[in-house]
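Let's walk through this model together, one chain at a time. Have the structure open and follow along as you read.

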Amino acid sequence: MPATSVAIIGAGPAGLSALRQLANAKRVIRVEVIDSNPRYGGQYWRHREGDPFPESELDPTSHSSTEIRINWHLSTSVWQIESVAGSFRIHTASSSGEKSSTVEVEKIIIATGATERTLPFKNWTAPGVMSAGALQSLVKEYQVIPGKKIVIAGSGVFALPVAKTIMEVSKKLGADTAVTVIEAQSIFRWWRNSFAFLLNPGKILEAVGYLFFMKRHGVKRLSKRIVREARLESGEIVGVMAMKVRSDLSSDSTNEVLAADLVATSFGFIPDMTLASILGLERKNQNDDAVVVVDSNQRTSLKGVWAAGEITGIGGHELAISEGAIAALDILEKSSQSWKLRRFRQRVFARGLAKIYPISSGWNKSLDDSTIVCRCEEVSVGEIKQSASELGADSARTAKLFTRAGMGLCQGRICQRNVKEIIDFVRSDSKNVSDANRETVRPIGGVVTLGGLSD
Amino acid sequence: MAKTFSFDGEAISFESGDTIAAAVLRSGRKSLRRTRFHGEERSIFCGIGQCFDCIVIVDGRSNQRACLVRAEEGIQVEHQEGAGQA
C-alpha cells in the first residue's frame, strides 16, 4: 500500500521537487515539510520576504491538489529521529532552540543539502572576510554591498553568479563597486570536461554568458591563485596577498598584493550529513566527500528512508530536482524513467566539474602556524599539527579531543574537513585512509535548549 | 519615519525583512562580537546560520545569530563580548 505520510527534511530544490510529485499524484497523503530557514527554497532559492518565489514551477503555493495535506515546519531544525515500529518519530526544535515538538511519519525523504566549504588563510576571521554564500545573500536578499573593492577568491563555479549579482545590484543602487574573481584552477581545465558539456549543451551557453558578462562589467579575473592573507590596517581589511598555486593548491611561492576592503571565499560545497549520520545511513567517499549511498530509486540503506540532492553527491540544483522527483515517484510506486535519464546527464556534468575544480590538500602546506582553523574555539594550525605529531591525533575526532577544534557552537561544520586534511597532511607518512562511515556523528542534530526539551 | 532598533545604544534603521546582520552591515558597521579567548572582532561569515560567528545579544539573550534573527522595531541588540555573560 502506498504511503499516507511522508516527511521531507530540507525544502530546497530536491525537497520541493519531491513535494511537487507528491502533490501531483492526487492521492490522500500527509506531508510534513521541515526546514531550518524561515522560508522554503533552500540556499539556492533564497528570496526576500514578499518577493515571488524564484522558480514558479516548484512554488508549493502553485500546487492545486486538494488531496494532499502539507504541514509546514519552517525555522525548524531536526535534532533527532527515532525509528519506532515501522514508522519514524522526528524530533524538531525551533531555530532559537527553545520550542521542541515531534512529528510521526511512515517515510522520510532526506534532502538536507550542503554547506559551503571555506579554507583558512591568515586573518580570515576578521570582519570583512566572509563566505561567498554570505555575500550573495547580503547583496541579493538585502541589497547590502558591504565593500567597494571586493575580492571573491576560491575555486569552482559559484563565484560567477555571485560576481554577477554584485554588479547588477551595484548598478541598481548607483554604487561604485569593483570586483575581482580569483580562481585557484586554470580555465583550460574545462577542456577535460568536454564530454560533460556535450551531454549538457545548455551549460556551454551558461558558462560563455558569465564570461561575457564579467568582461562587459569590468570584473577582473585571475586564475591559478589563492588568497594567502587578508592584509589588515588597524583592524580594517586593506588588501589581500594572493599566491600562485599549482593544481593541487600548493604554492609556487610567487606572491602579489591587491587592494580590497572585502574578501569573499568559497571552495565548493560539503554535503550536510548531520541527519544521515544520526539515522546511521550507509555512506561512502565520493570526490573526498562523505555521501549517502542510494540505489537507482534514491532509496538509502534504511527501509523507509530516501535521500536526494547534495547529500548523495554534490551536483547542483538541477540534479537535486531530478533526484527529489525520483524519490517521490518511487514512494508513489510510479515510473520515473525520464527523470532517470536527466539524472544520468546531470551526474556526468557534476563529475566533470569535480574534475575541473578539485580541492586538493596542497593548500595547507603554506599555512602559517598561527592561522586560526577552528573559528569557534580559536584553535590554530600549529595546535592541530601538534596534536597529530606529538599527541597521536589521527582524525578530526581525536584532534577535537586534544584541541577543542570542532567543539564550539558550530560543532565543526566549518572546520572539521580542514582539520582532517591538516591531520592527514602531518601523518602522510602513515598512509591514512579515512572511512566515510567513521566521520564524526553529532548525536544532537541542531540547537535545542534544555528548557525546550522539557516542554 | 524609518523603523529602527538599537545596536549598542545607537539607532540602526532597517527595512522589513532585514536580518540584524543585514541592517548593521548596511549602516557601515562591521563588527558584531568579540571572541572569548583572543578578544578578536568577528562578524557575519557563513550567512546561513551554520557558523555562529555573528552571535549577538538580543534583548538580553546571548548567542543569537544576527544572520537569522529578524530586525524588529525597538529591539535592543548588543555586540557580544566573549560568551555574552557577565
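How many bridges join strand S5 of chain B to strand S6 of chain B, and do these strands run parallel or antiparallel? Strand S5 (residues 55–58) and strand S6 (residues 61–65) of chain B are joined by 3 bridges and run antiparallel. What you are looking at is a predicted model, in which local features need pLDDT of at least 70, side-chain atom pairs count only at pLDDT 80 or more, and totals for chains, interfaces and linings use all residues. Residues are numbered from 1 along each chain as its sequence is written, while chains are lettered from A and ligands numbered from 1 in the order in which they are written.

Helices (H or I, at least four residues) and strands (E, at least two) are DSSP runs, numbered from the N terminus. Two strands pair if DSSP finds at least two bridges between them.

Back to the hairpin: S5(B) and S6(B) have 2 residues between them, and B:Asp59 in the turn has a positive phi of about 50°. Across from B:Val56 you will find B:Gln64 in S6(B). S5(B) is also joined by 3 bridges to strand S7 (residues 76–81) of chain B, again antiparallel, and there B:Val56 has B:His79 as its bridge partner.

Now zoom out to the whole of chain B. The chain holds 1 helix and 7 strands, which follow the order β-β-α-β-β-β-β-β from the N terminus. Its C-alpha atoms fill a box of roughly 40 × 25 × 20 Å along the principal axes.

Where does chain B meet chain A? Here 26 residues of chain B are in contact with 29 residues of chain A, contact being C-beta atoms, placed from the backbone, within 7 Å. On the chain B side, helix H1 (20–26) and strand S4 (41–42) are the elements that give two or more residues. H1(B) provides the largest share, 3 residues.

Moving to chain A, the domain assignment, which comes from an automatic or database source, gives domain 1 (5–115 + 270–334), domain 2 (118–267) and domain 3 (367–433). The C-alpha centres of domain 1 and domain 2 of chain A are 31 Å apart.

Chain A also has an open antiparallel sheet of 3 strands, in the order S13-S14-S15. Strand S13 (225–233) and strand S15 (251–259) of chain A each have a single partner strand, so one side of each is left without a neighbour in the sheet. S13(A) is joined by 8 bridges to strand S14 (residues 236–245) of chain A, where A:Met243 is the bridge partner of A:Ile226.

Next, find A:Leu275 in helix H6 (residues 274–279) of chain A. Why does A:Leu275 count as buried? Because it has 27 C-beta neighbours inside 10 Å. Leaving aside neighbours within four places in sequence, A:Leu275 is in contact with residues including A:Ile9, A:Val78 and A:Gly445. The C-alpha atoms of A:Leu275 and A:Gly445 are separated by 6.3 Å, although the two residues are 170 apart along the chain.

Finally, helix H11 (residues 416–426) of chain A is mostly covered, with 10 of its 11 residues buried. Those buried residues pack against strand S17 (269–271), strand S21 (372–374), helix H9 (381–389) and helix H10 (396–403) of chain A.

Conventions
Buried ≥ 20, exposed ≤ 12 C-beta atoms within 10 Å, placed from the backbone. Contact = placed C-beta atoms within 7 Å.
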